[in-house]
Amino acid sequence: MSSPELLLQVLRTQMRAAGVTYKVLAERISMSESSVKRMFGQQDMSLSRLAQICKAAGVPLEDVLRGAADATPQADCLTLPQEKSLLSNPNLLLMAICCLGHWTLEQVLETYDLTEPECIVLLAELDRLGLIELKPLNRYRLRVSNAFRWLPDGPVQQFFREHVVDDYFGGSFNAAGETLLCLPARLSQPSAQELVSRIQQLAGELARLHQSDRRLLPHERDGFTLLVGFRSWEFAAFTALRRAAPLK
């Protein structure tokens with residue numbers, strides 16, 4: 001669905017919710033009902049006309065624009081070439097992770113040894129790769145969903161495994177809001193699949209809290225990382241102690 005079509009679809013939905021028909025709208029903007037229908041059908045509407053219709057229908061223009069942005073299909077993951085491009089430049093990967101955390105340009109500049117021109121170049125590259133949509137004043141909108149994840153065993157996951165996991169687990173996990181669990185269990189495949197679903201729900205809850213806390217001031221938030229793995233596995237040293245299978 002194209003952007004104009006999506007925008008008008010959201011507008012029609014908002015008008016129905018407000019009880020405003022084409023006939024009512026036509027009367028309010030001094031047009032014929034057939035002209036209004038034709039305007040919506042042809043998807044030919046200037047921004048000023050859109051603003052006029054929103055005002056006449058009692059629908060905030062901001063709500064229509066936000067609704068269209070929220071309804072735009074977003075990817076749950078990047079492609080293999082996109083992930084490879086991120087790893088080609090450590091600063092680009094850093095900026096990508098900052099964007100996924102909804103950092104502002106100002107927060108990046110305050111935290112990392114990067115200049116504003118360098119950051120703008122990185123943001124432009126992320127826009128080209130499709131991770132973000134760069135907007136005026138160096139603001140941006142993510143073009144990936146709240147369920148975003150790195151490709152399974154893809155370039156970024158391999159990078160994390162080689163360079164990040166040891167650093168992550170090197171912490172004590174005893175500070176406020178931290179925990180570390182390693183819980184072995186013997187499960188059937190249906191039970192394992194059920195737990196995977198629960199983990200995916202947990203990821204969704206993390207995304208919800210992350211979105212909700214964006215309204216707080218920067219000093220009221222801290223960077224947390226949830227690293228979850230679940231697989232059929234046994235520590236190699238323990239496997240070496242297993243009894244040999246009896247000969248048949």
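The radius of gyration is taken over C-alpha atoms, and the globule rule used for comparison is 2.2 Å times the number of residues to the power 0.38. With that in hand, let's look at the protein above, which is a predicted model. A compact globule of 248 residues would have a radius of gyration near 18 Å, whereas this protein has 25 Å. Its C-alpha atoms fill a box of roughly 90 × 50 × 35 Å along the principal axes.

What is the chain built from? Its secondary structure comes to 13 helices and two strands.

Buried residues make up 24% of the 248 residues. The protein exposes about 17,700 Å², and carbon and sulfur atoms supply 54% of that area. There are 27 positive and 28 negative side chains, with the centres of the two sets 10 Å apart. As for contacts between residues at least 6 apart in sequence, 59% join residues at least 24 apart.

Let's visit a few residues, starting with Leu-65. You can find Leu-65 in helix H5, which covers residues 61-71. Leu-65 has a relative accessible area of 40%, so it counts as partly exposed. Val-10 is 55 residues away along the chain, yet the C-alpha atoms of Leu-65 and Val-10 are separated by 8.3 Å.

Next comes His-102, in the loop between helix H7 (90-100) and helix H8 (105-111). Is His-102 buried or exposed? His-102 counts as buried because its relative accessibility is 18%, and buried means under 20%. Which residues does His-102 touch, leaving aside its neighbours within four places in sequence? Its contacts are Gln-107, Tyr-140, Leu-142, His-210, Gln-211 and Arg-214.

Finally, look at the backbone of two loop residues. Ser-30 has a positive phi of about 60° although it is not a glycine, and Phe-173 likewise has a positive phi of about 60° without being a glycine. Ser-30 sits in the loop between helix H2 (22-28) and helix H3 (33-42), while Phe-173 is in the loop between helix H11 (165-169) and helix H12 (189-212). Ser-30 is exposed because its relative accessible area is 68%, and exposed means over 50%. Phe-173, with a relative accessible area of 14%, is buried.

Note on methods: Residues numbered from 1 in each chain as written. Predicted model: local features only at pLDDT ≥ 70, side-chain atom pairs only at ≥ 80, totals over all residues. Heavy atoms only, no water. Helix = DSSP H or I, 4+ residues; strand = E, 2+ residues; numbered from the N terminus. Buried < 20%, exposed > 50% of the residue type's maximum accessible area, 1.4 Å probe, protein only. Contact = heavy atoms within 4.5 Å. Areas by Shrake-Rupley, 256 points an atom, 1.4 Å probe, with all protein chains shown as cover. Lys, Arg positive; Asp, Glu negative; His and termini not counted. Charge placed at Lys NZ, Arg CZ, Asp CG, Glu CD.
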